[in-house]
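The sequence and the structure are shown first.

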Amino acid sequence: MQITFAEEIKGQQLNERSYDAPVLAVGRNPATCKIVFDQKQWPTVSRLHAQLQQYNDSWFLTDSGSTYGTFLNGQLIKEPAKVEVGSRLQFGPDGPILVVTRIESKLDKPLPADETLVEESTQISFPAPIPEQASIQARPTQPPKGGPTEPVFVELSGIGTARLQRIELNKEVVRFGRDQAVEGVIDAAAAVVSRRHAEIRRQNGRFVVVDLGSFNGTLLNARRIAEPALLHHNDIIELGPGGPTIRYLDPANPPPAAASQPAQNAVLPSGELAREAAAFSGKLATMVLRSELPMQITGGVGAGIFTERPFGSTPRMTIGRSEECNIRLDGLLISNRHAAVVNTNSNLTIEDLSSTNGTYVNGARIIGRKTIRPEDVIQIGPFVLRVHPQRGVTVFDTRAKTRIDVFQVTKEVANRSGPGKVRLLDEVYLSIQPNEFVGMLGPSGAGKSTLMDSLNGMRPASSGQVLVNNLDLYQHLESLKLSIGYVPQDDIIHRELTVYRTLYYVARLRLSRDISAKEINQIVAEVMDVTGLSERRDVPISQLSGGQRKRVSIAVELITKPSVIFLDEPTSGLDPATEEKVMKLFRQIAESGRTVILTTHAMENVKLFDKIVLLMRGKLVFYGRPDEALEHVGAESFKDLYDKLEAPISERLEKGERAGSREQVAEEVAEEWKRRFMQTTQYKLNVEIPLTEVSSRPQQAAPAKRRTTLGDLSRQWATLSRRYMGVLARDKFNLFILFAQAPIIALLTYLVVDAKGQRDFPFFILALVALWFGTSVAAREVIRERAVYNRERMVNLRLLPYVGSKLFVLLLIVSFQCILLFGTLKLLDLTKLMDLPGRFGGLPQLSVMILTGMVGIALGLFISAVVRTSEMATSLVPLILIPQILFSGLVGVPVGIAKVAGVLMPATWAFDEMKRLSGLDVLRGKDESAEPASKNEGRGLYKQIEHENDKNIQDAQQRINAYRSDAQNKSKDFEKNMDQYQKDLMKGNSPEKPTAPEPGPAPEVTGAKKVPDDLSSFVDFLHPWGGHWTNLGVLLTMLFGLLGATGVALRSQDIG
């Protein structure tokens, strides 16, 4: 059906032109619009402003979320309005006016398949909402049997088609996409279309349309489909938001009688539902409903009805991705069986069926069942549900319609250089419309990144409010975060992995746990296709260029198909050519139905933005189109923009008009720019008027986060562990070095240890090196992926599986290192080259080594969690290990402060346990402040030898004394006998002369005992505070204490 317009200029109708396409897009973007207006001549025309759609011999005008509105006959339209001959269409206040001069009907019978209508304009598009798809009630559940009585055609038009094409549906399946092998081929430049996007399939004698898991979805009469949908004559199929359109021509199968109004498949009942939806607007948006027209939501959620289902005779309805559910929602964030709604005697309850990404009621994730009221906001992924006991469940789709409104956002931080606080953001007001490409500009320190972090919830503002589709972001952050993509300046990817494996693990972490491998492969392939990475699928990221790595970071965020994407300096470090390509990619993403917001210092591609946010010292000094910004500040080019902003500062300082520091003058100049902008038309149209469409409510505290289930934790742990093993496995040379260390250290130990020396040093090496293995391998593992961790933590990463995955994978490495070290030393023991005694073949000692290695891993993870750079972590490792050598007891029995300090050293307890498990005697015991020995009354070898020598000396002394006493007695007896002998001689007697006593045998003196030369069966000492259970208990306490401290350190650095 042909429609003819004339442009009204000063009351005269000029430049008459005719169009014959099912959908006409109006705007200033020649790539997607059929009717294009010059931006400079008509600044009130948006990039995608409005749309005209023909239906049943009539044309309807719909506003496409334009900034300045669309008027029909002088009235601002909020919903599809019928256009007739003589109607005046105006695009924005004081905007261009088109007058309908003719509407010519044509026969419904399609043209021959080979005939083509060439349009007058080179591009046509389908950028905005069109009438809603029929509800479940309006469509028969089973298509009637019997085939079409005449040929059925489709008309393919829009971006990527160049001309209107008619295709006869003479096959069982007709597919559409960018793949050259399909029947309906779309040009490769149409990025919104997947390679194999959708198909029209014959089913029971009728045709149905099926989405083939496309990235941007398939819409039937402006409603996104989740399952095969029956087609009727004049149905409009849209391949992604703003993508090519397919008009189904089958006069033999007209729409059902229930959908005979102009909004063909709209099934909203009048009256009561309209009033109910209006009440719902207080919670979500301003809704305008009429019985004869499809529902439109303006100024808020921007969601159309996705589906409706009354309870009827079924009091319980399941919701999910599975075909078995009563209400089927598409999207891989949705679990197969996600939730259930129960209506019992008008008592409504909703139950989360252990879904992966949760069911939210008023921003709080629920566990199990919860009673709900009709006014409650229920969120499942990107869908908002409304439940009423009489009317059942209504599902609103918020995809491709994300709007952000900012009220008085202020950010203050403590002043590090003085008292008080520093204001980084100063009462910023903004309204970012759906699918806009917005740039945040400003000099260094203007607050660009701070504002972005306030808008995406990463670091909430000190005061003010951010609304996402009229929901408080900070209150509903848990439910909204999967709809928000964020690409920080640093890469959020592991460079060791390939592109495919990177995206695969992201899908495993963020999407529903019950998605199949086929679904994962499909979404990964789609994302790679959208970002131009398909040919780099199996290339390690470390081998990609800077621009390609940035594309991978963007692809990571696109896995969840977010409605809004934030990018912080995404083009920094890129060459100009690559920067332009990346910026055009962002432009394509915005045009595919997403809101894209980025910060940038580069000015070369500012013209690609729909609007720019210009900041100066935390103040909003302009918000509007790029060309309007130049005019506002009086700059000739974007390169001069900042100079013009800051020129008054230098002028005032040079003229001495204002006394004070440069900071004070700059603050005053920024405030003046802010006030000047508030007096402009751009402020009124871009900020003030849009913000009146939504309501700022008192900010409420965010609901408490629910406790994650064991299943969620185990799933994340398994995925993180697999990914981490993949990352480490890519660096085979590093693994070789790690594993080669152990036998080398064992051989060096063999060379150092004296074969006859005490066994302390080998056991100390086992304890210290196990600790070193763990600490050194883990000390950089968190800090080197901090950007990845922060982003995943912002989404759904839990601390327990994250730390647990690190511990598990690193334990595998450290355990193997310990086995190699211990095994090599044990081999030397078995070959009699070096003694390494141990009970039960040394297995208990190996277990202690592994436990010590775990403590080392925990210590390394704690270091990595608290430091700011990898270099700092590397520097701290020696400072941690050197005290282990000094205070663990290698140099002697610790006493005094050294003894107390040794308590804090894991090596102290591991070393002591190694010696205890050897079963060897000690050289030092109770008399040297060590633990008493198991024999010799607690004395060690040294004191035992000393004790025995002392005893021998004492015995010898006793024998000598006895010998001396005996000799003295004999001498006295001899003297006595001699005196008697002399007396007898003097008396004249002849006595027998006494015989002089002969000395007895000399007493035996036992030689002094010496310390044996072979001390290989001894250790120096056992710690006086140690013991088997004590040592193990202390090591386990250190292990869990360090892991807990790591978790606390990571949580203290959480965003928000």
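Two strands pair if DSSP finds at least two bridges between them. Helices (H or I, at least four residues) and strands (E, at least two) are DSSP runs, numbered from the N terminus. The model is predicted: local features need pLDDT of at least 70, side-chain atom pairs count only at pLDDT 80 or more, and totals for chains, interfaces and linings use all residues. Residues are numbered from 1 along each chain as its sequence is written, and side-chain values use heavy atoms, with hydrogens and water left out.

**Overall composition.** The chain contains 22 helices and 47 strands. Of its 1056 residues, 57% count as buried, where buried means under 20% relative accessible area, exposed over 50%, and partly exposed in between (1.4 Å probe, protein chains only). Among contacts with a separation of 6 or more, 65% involve residues 24 or more positions apart; a contact means heavy atoms within 4.5 Å.

**Strand β44 and its partners.** All six of the six residues of β44 (residues 611–616) are buried, so this strand is largely enclosed by the rest of the structure. On one side lie Lys 611, Val 613 and Leu 615, and on the other Ile 612, Leu 614 and Met 616. Strand β38 (residues 437–441) runs parallel to β44 and is joined to it by four bridges, with Met 440 bridged to Val 613. Strand β45 (residues 619–624) pairs with β44 in the antiparallel sense over five bridges, and Leu 614 has Phe 622 of β45 as its bridge partner. The hairpin of β44 and β45 has two residues between the strands, and Arg 617 takes a positive phi near 55 degrees there.

**A five-stranded sheet.** An open sheet with mixed pairing has the order β15-β14-β16-β17-β20. Its edge strands, β15 (184–185) and β20 (229–230), each pair on one side only. Within this sheet, β14 (residues 173–177) and β16 (residues 198–203) are antiparallel, with four bridges; Val 173 is bridged to Arg 201 of β16.

**Pocket and cavities.** On a 1 Å grid over the protein atoms alone, a cavity is a set of points where a 1.4 Å probe fits but cannot get out, and a pocket is an open set with protein on both sides within 12 Å along at least five of seven lines; lining residues have an atom within 4 Å of a point. Grid points are joined across faces, edges and corners, and a volume is the space filled by probe spheres set on the points. The whole structure holds nine cavities of 30 Å³ or more.

| Space | Volume |
|---|---|
| Second largest pocket | about 1,000 Å³ |
| Largest cavity | about 230 Å³ |
| Second largest cavity | about 150 Å³ |

The second largest pocket has 45 lining residues, and those nearest its centre include Asp 211 and Asp 330. Domain 2 (153–249) and domain 3 (305–397) both contribute to this lining, so the pocket lies between them; the domain bounds come from an automatic or database domain assignment. Helix α5 gives the most to the pocket lining, with five residues.

For the largest cavity, α12 supplies the largest share of the lining, three residues. The second largest cavity draws at least three lining residues from each of domain 3 (305–397) and domain 4 (404–437 + 445–482 + 605–695).
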